[in-house]
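User: I am new to this structure and would like a close look at one part of it. Could you pick a helix and walk me through its surroundings?

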Amino acid sequence: MSYAIETHDLQYHAGKTFELGPLGLRVPTGSIYGFLGPNGSGKTTTIRLSLGLLRPDRGSVRVVGHDVPRQTHQMFARVGYVPERPHLYPTLSVAEALAFHGAFHPRWDATAARELLDTFGLARDTRVGHLSKGETGKLLMLLAIAQRPDLLVLDEPTDGLDPVVRRDVLMALIDYVSETGATVFISSHLVHELERICDWIGVMDRGRLVAEVPMHSFKNGIKRLRVRNAPAQTGDPPFVLLARERGDGASGTELWVVRGWQPTMRQYFEGIGAVLQDVIDLDLEEGFVELLRTARVPQGS
Amino acid sequence: MFGAICRVQWKGSAAAVALLAAAAFIVPLLAVQQAGFTAGDFRTWDLVVMLSAVESAGALFPILAIILGLTLSVGAWSADHQADHVYALTLPIPRWHYVLLRFGAGLVLILPVMLAVGLGCAVAVGSIDVPEGLRAYGSSITLRFGLAALVSYAATFALAAGTKRTAATVFGIVLALIAIAMLLDSLGVSANLLDVVANAMFRRPGPFEVLAGPWMLIGV
């Protein structure tokens, strides 16, 4: 498998309070990779390190086959980037911003830019500094797509946008990916949004990558089990027991959150004298919350 | 690429450049008018007084050049500073190339103001009869103004391109020099530290020598 982004032993610290890594991130080429994590978990820092906007304390980064930061400018000819905060020149009009961006990008597609301008309903003469948050989000996505990149790196691209704009932006993204097969690396804390479009996810928490798996195995592997008459000692279960809580009402019933669940594991409960009453699928958001909860349990507790 | 950068820089600095060009056009006219050349009665001239008036008005040229350099260098980087340089750093060109493009665009914007100085000098000199024994130095003043603006622009561009820490270091050094000079002065030590620094900067072969000395549109 080839990787559009590959970091090895990446480490970085900002001040005395925040440390990131060591991080081994691998974004498969052609995937739509959702980069999840709560605010302050290190998503934006990881992106900035990956794109050469921050210099790591140690470790290496390769993006679309280019070493970062040594070949950063060659890399940016093939990477479209939508940062967390707007970074365009506010005195330019929309049309001027397009012309400026196109002057630097070798694969700039002026026709696609015009079409997206119409699709997004952006006025050419409006100054960038006068655009609303939603319009700025659309313009940033337009610029990133019209440069025809092999990899799109999107840092919270829909954060703070209303549902209509969010849908427009994501539709444009999906259209581009289905047309070109480009890789997308999209960070967000809006879990449900990524659930619909991503085929890989990576989860960050407190500067560490706590999971990196295909979406289907993440969603299928985490379950909530309703268990009756479970003993205090669970022995050595064939799955990872993430959480164990008292059930709602029925006496002796507990809710277990487990990872790595397979239907053949039912017989484990017979072995410990418990009754498995129900297996409940968790959506990505619930799985994400449970994963973070587990990741934060101190070692040995 | 260069055209795109020039357009962005022009958009950010157009008003200031137009204002400075207008001022640059007026300064030569002011110089000849202040000296009394427009009166036409040369018999009563006190040449020393008149040339002194030309020199006084000429002092505005280096001031304009410094303001122009400062305006262009701040204009070159302000938009990038506001966005933490993220946009510039994500363009697919080497960083030195981007810096050169930005610098070059500023140089282009010096030209209209320099042209205004040249026009102003031509109009001012054309409007008077230069007395015998004196000469007009319109072309020299124009070229010198261009060079002075370039020096001012280059110095402030380098400072503006740096981080806040760089700027703080430079200002810190200047303040430390002033403080040391004041301390030595209060102790009765005649080291003339500030004079030494000023001479190194503004006297030949100092980097800012072009800004110092008289700017005589009309001279001997």
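**A helix in its surroundings**

Helix H1 of chain A, residues 43–50, is largely enclosed by the rest of the structure, because eight of its eight residues are buried. A residue is buried if 20 or more other C-beta atoms, placed from the backbone, lie within 10 Å of its own. Helices are DSSP runs of H or I with at least four residues, strands are runs of E with at least two, and both are numbered from the N terminus. The model is predicted, so local features need pLDDT of at least 70 and side-chain atom pairs count only at pLDDT 80 or more, while totals for chains, interfaces and linings use all residues. Residues are numbered from 1 along each chain as its sequence is written, and chains are lettered from A and ligands numbered from 1 in the order in which they are written.

Now to the residues themselves. The buried residues of H1(A) are A:Lys43, A:Thr44, A:Thr45, A:Thr46, A:Ile47, A:Arg48, A:Leu49 and A:Ser50. After H1(A) comes A:Gly52, with a positive phi near 80°.

Chain A has ten helices and 15 strands, and 40% of its 301 residues count as buried. Its C-alpha trace spans about 70 × 40 × 35 Å along the principal axes. Two residues are in contact if their C-beta atoms, placed from the backbone, lie within 7 Å. Among contacts in chain A with a separation of 6 or more, 71% come from residues 24 or more positions apart.

Definitions and conventions. Buried ≥ 20, exposed ≤ 12 C-beta atoms within 10 Å, placed from the backbone.
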